[in-house]
Amino acid sequence: MSFFATDFLGQPVGAWAIFFVVIIALLAFDLGIANRGDHEIGIKRSLIFSAFYIGVALLFGAWIWFSQGPVSGMNYLTGFVVEKSLALDNIFVISLIFGTFAIPRAYQHRVLFWGIVGVVILRAIMIGLGAALISNFAWILYVFGAFLVFTGIKMLFAGDEPMNLEESKIIRFVRRIVPVTPALHGHKFFVRQPEPGTGAMKLVATPLFLALITIEIADIVFAVDSVPAVFAITTDPYIVYTSNIFAILGLRALYFALAAAVHRFHYLKYALALVLVAVGAKIFWAHLVGPVPSAISLGLTMALLAGGVIVSLWKTRNDPVENHAKPHRSA
């Protein structure tokens, strides 16, 4: 048996290799060719790149469909849609983080790029742990389901209190363990500065690095919802991980188009809440009644999200731009 045919987490090593080659190529293309240097990314460019990433994700899904069967293909697509929709919450939080640390638009892409590199690693760890738990303790799926239903109901009735990042425990903790310069130093994450008293040069982080760390921690918080949601659709780690990463990968490009208009999607949170409830309830339905066809899961998810988008755009059609919606999950 060749190395690439060896089984790893339910899939041949070759399938994992194809995925990582695609991701590395996309990241290299993004930073090395398409977005070299510090510059602002406009709405048109953002939408083009977002469409490109969605297209690549769908092509990858088509490959899964034809190589692993329609059930795997449908599960990948459902996971991608669920993760993509839940990731929209990140856009407001990212915008808030950049505003808190006064990160210029010209440097935001650099932070988001290295943020996605961190996500690839952190999501691999979280999904690997989730897969191990499910493999050894099948009942953990019901814990995931109950958690999703609880989270969805909580989101439905959550208030819209504004998030104050300056008072965030996360930022205060990071500031205590990492010395940070008061001002930016171009696009650098670290600079060397003389230490008060001794004059010895020491490595100090800049607000750009603090913004990166805050975004990474915020992603972990959001992943607590999104990773179990995809595990509720399929327990195949390959489908869970690839759908997660492709959804997050395009978020960075989409951010620059939606950051200014995120207030228009305030009512989408109710649709997301219903999606979490439906996905969580699917686990219990499958046990008590029978498996839910993947096509029905995907159709219900897209119908709820489409309804949320339509209601949001209609309800906020006369809202001023500065009337931003508040995030309903905190970082």
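This is a predicted model: local features need pLDDT of at least 70, side-chain atom pairs count only at pLDDT 80 or more; totals for chains, interfaces and linings use all residues.
Residues are numbered from 1 along each chain as its sequence is written, and side-chain values use heavy atoms, leaving out hydrogens and water.

Phe246 belongs to the largest nonpolar core, which has 88 residues. Such a core is a set of buried Ala, Val, Leu, Ile, Met, Phe, Trp, Tyr and Cys residues joined through side-chain atoms within 4.5 Å. The residues with the most contacts inside it are Phe19, Phe98, Phe231, Tyr238 and Phe246. Helix H8 (residues 237-258) supplies the largest share of this core, 15 residues; helices are DSSP runs of H or I, at least four residues, numbered from the N terminus. Leaving aside residues up to four places away in sequence, Tyr238 touches Gln11, Ala15, Trp16, Phe19, Phe60, Trp63, Ile64 and Gln68, a contact being heavy atoms within 4.5 Å.

Now for the rings. Those of Phe, Tyr and Trp (its six-membered ring) pair if their centres lie within 6.5 Å, and planes under 30 degrees apart count as stacked, over 60 as edge-to-face and the rest as tilted. That rule gives 21 aromatic pairs. Take Phe19 and Phe20: their centres are 5.2 Å apart and their planes sit at 65°, so this pair is edge-to-face. Phe19 is buried at 0% relative accessibility, whereas Phe20 is partly exposed at 32%. Phe19 also pairs edge-to-face with Phe246, at 5.7 Å centre to centre and 70° between the planes. That pair links distant parts of the chain, with Phe19 in helix H1 (residues 13-34) and Phe246 in helix H8, 227 residues apart. Both belong to one aromatic cluster, whose members include Phe8, Trp16, Tyr76, Phe80 and Tyr241.

Next up is helix H7 (residues 207-231). Its 25 residues should span 36 Å, and the end C-alpha atoms are 35 Å apart, which agrees; the expected span is 1.5 Å times one less than the number of residues. H7 still bends by about 45° at Ala223, the bend being the angle between axes fitted to the seven residues ending there and the seven starting there. H7 is mostly covered, with 20 of its 25 residues buried.

Last stop: the loop between helix H3 (70-100) and helix H4 (105-136), where Ala102 lies. Ala102 has a phi near 55°, a positive value in a residue other than glycine, and is exposed, at 55% relative accessible area.

Terms used:
Buried means under 20% relative accessible area, exposed over 50%, partly exposed in between (1.4 Å probe, protein chains only). Helices (H or I, at least four residues) and strands (E, at least two) are DSSP runs, numbered from the N terminus.
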